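Me: I've got a model open and would like to talk through a few spots in it. Can you take my questions one at a time?

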Amino acid sequence: MIYINIPIMEICGDEVTKGNLPLEWNNNRPLTLPEIDHILHSMKINQVEYNFDHKTNVNSKVEIKKISREIDLASKQMEDIFKHIGRGGDVPLSEIKKDILPTIKQAAEIPHLYHLFYELNSKDEYTYRHMICVGIIATMIGRWINLPKEELEHLTLGATLHDVGKTKISNDILNKPGKLTKEEYETMKLHTMYGYELLKGIKGLDERVAIVALQHHEREDGGGYPFRLVNRQIDIHSKIVAIADVFHAMSSARVYHKAAPLHVVIKQMQEDAFGKLDPNILLVFLYKMMNSLTGKQVQLTNGAEGTIIMIHPYDPLRSLVRVEDTLIDLRYNKHLQIEKVLEDNQ
């Protein structure tokens, strides 16, 4: 049986353009379709990309390998900077802007997200590389939601320095191979306030950079730390960095857990969309990440293997999948899900 896909835009009709929903809208309820349409329209991604050829060419693969080497170098520089700050030194802002931020901005321009994803998460070292990768992912998100240039600069720097407070946490806690005790976890949480204190007094540094260090573990439902802020109490830069932080942390190998496959990470983040993470920003992120899988081979929960041919912007995991001569729209086949991307281990 062939399932016909009906674009939701046709169902919603003119309701899409009638609303006056602000970009920063937040509420602990599912967004309605007209609200989602408005958000996507305002972020200029409301048109579904019907480009099924997402294979990278030789030049693109060379470009990704090159930027991967640059990320390795930036991670090593970040390690040296961490040690310098940990010994009581100042945050070397000019060095970070000159030597590290150009690599982050360059990596954020690479359009082949699926392949870049594996380059970002293919190394054993985590702490210093994590700051570089969060900077890259947050910069991507900032561009997708059309942040002004100057604001994007502040976001990139804030994301890159979001964990700088960990320079004040002992290595025994940072590198502990097992689960932290309650006392150790409380100590670890202090890195947000340490980071804020390190950054807030730097002359010429936008205050939002320090706020990102303080707020990136706050959550929409008030379940985060250090101040249990909710919704609009959280700076939008902190919301963006929270998404980038969670994504890279879940998809990276750590001393105490293996890296989760991309489809598992995306599924978990989608479940966090109406509570923990800002649904407006997360919707854009998930759509972009899933759209990078268009043309990829996947296995469904019933064992069938097929190809993703279209991503629905309203429910990215419920894709349109071709299995032999049949088109299966996962929105209308709730008993089926994407079990895994068959190229996860490549």
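Me: Let's start with helices H12 and H13: how are they oriented to each other?

Reply: Bear in mind that this is a predicted model. H12 and H13 pack at an angle of about 50 degrees, and their axes are 9 Å apart. Roughly parallel would need an angle under 35 degrees, and roughly perpendicular runs from 65 to 115. The angle therefore puts H12 and H13 in the class called oblique.

Me: Which hand does the crossing of H12 and H13 have, and which residues of H13 make the contact?

Reply: The crossing of H12 and H13 is right-handed. On the H12 side, the contact uses Arg208, Ile211, Val212 and Gln215. Sorted by type, the residues of this contact are four nonpolar, three polar and one charged. The H13 residues are Ile236, His237, Ser238 and Val241.

Me: Now Asp235. Is Asp235 buried or exposed?

Reply: Asp235 sits in the loop between H12 (207-215) and H13 (236-250). Its relative accessible area is 17%, and the cut-off for buried is under 20%. So Asp235 counts as buried.

Me: Which side chain does the side chain of Asp235 make a polar contact with?

Reply: Leaving out residues up to four places away in sequence, Asp235 touches Arg208, Ile211 and Gln215. The polar contact of the Asp235 side chain, at 3.0 Å, is with the side chain of Arg208.

Me: What about Arg228: is it buried or exposed?

Reply: Arg228 is also placed in the loop between H12 and H13. Its phi is positive, about 55 degrees, although Arg228 is not a glycine. The relative accessible area of Arg228 is 55%, and exposed means over 50%. So Arg228 is exposed.

Me: Where is Glu324, and what is its relative accessibility?

Reply: Glu324 lies in the loop between strand S3 (320-323) and strand S4 (326-329). It is a residue other than glycine with a positive phi, near 55 degrees. Glu324 counts as exposed, because its relative accessibility is 72%.

Me: Over to H7 and H8. How are they oriented to each other?

Reply: H7 covers residues 127-144 and H8 covers residues 149-160; their axes come within 7 Å and cross at roughly 155 degrees. Angles over 145 degrees count as roughly antiparallel. H7 and H8 are therefore roughly antiparallel.

Me: Which residues of H8 meet H7, and how do the residues of that contact divide by type?

Reply: The crossing of H7 and H8 is right-handed. From H7 come Met131, Val134, Gly135, Ala138, Thr139, Gly142 and Arg143, which meet Leu152, Leu155, Thr156, Ala159 and Thr160 in H8. By type, the residues of this contact are six nonpolar, five polar and one charged.

Me: Last one, zooming out: what percentage of the residues in the protein chain are buried?

Reply: The protein chain has 15 helices and five strands. Of its contacts between residues at least 6 apart in sequence, 66% join residues at least 24 apart. Among the 346 residues of the chain, the buried share is 53%.

Note on methods: Residues are numbered from 1 along each chain as its sequence is written. This is a predicted model: local features need pLDDT of at least 70, side-chain atom pairs count only at pLDDT 80 or more; totals for chains, interfaces and linings use all residues. Side-chain values use heavy atoms; hydrogens and water are left out. Helices (H or I, at least four residues) and strands (E, at least two) are DSSP runs, numbered from the N terminus. Buried means under 20% relative accessible area, exposed over 50%, partly exposed in between (1.4 Å probe, protein chains only). A polar contact is a pair of N or O atoms within 3.5 Å; within protein, one must be able to donate a hydrogen and the other to accept it, and residues adjacent in sequence count only if both atoms are side-chain atoms. Contact means heavy atoms within 4.5 Å. Axes are lines fitted to C-alpha atoms, for helices over the stretch in contact, and angles run from 0 to 180 degrees between N-to-C directions. A crossing is left-handed if the near helix is turned anticlockwise from the far one by less than a right angle, and right-handed if clockwise. Ala, Val, Leu, Ile, Met, Phe, Trp, Tyr, Cys and Pro count as nonpolar, Asp, Glu, Lys and Arg as charged, and the others, Gly among them, as polar.
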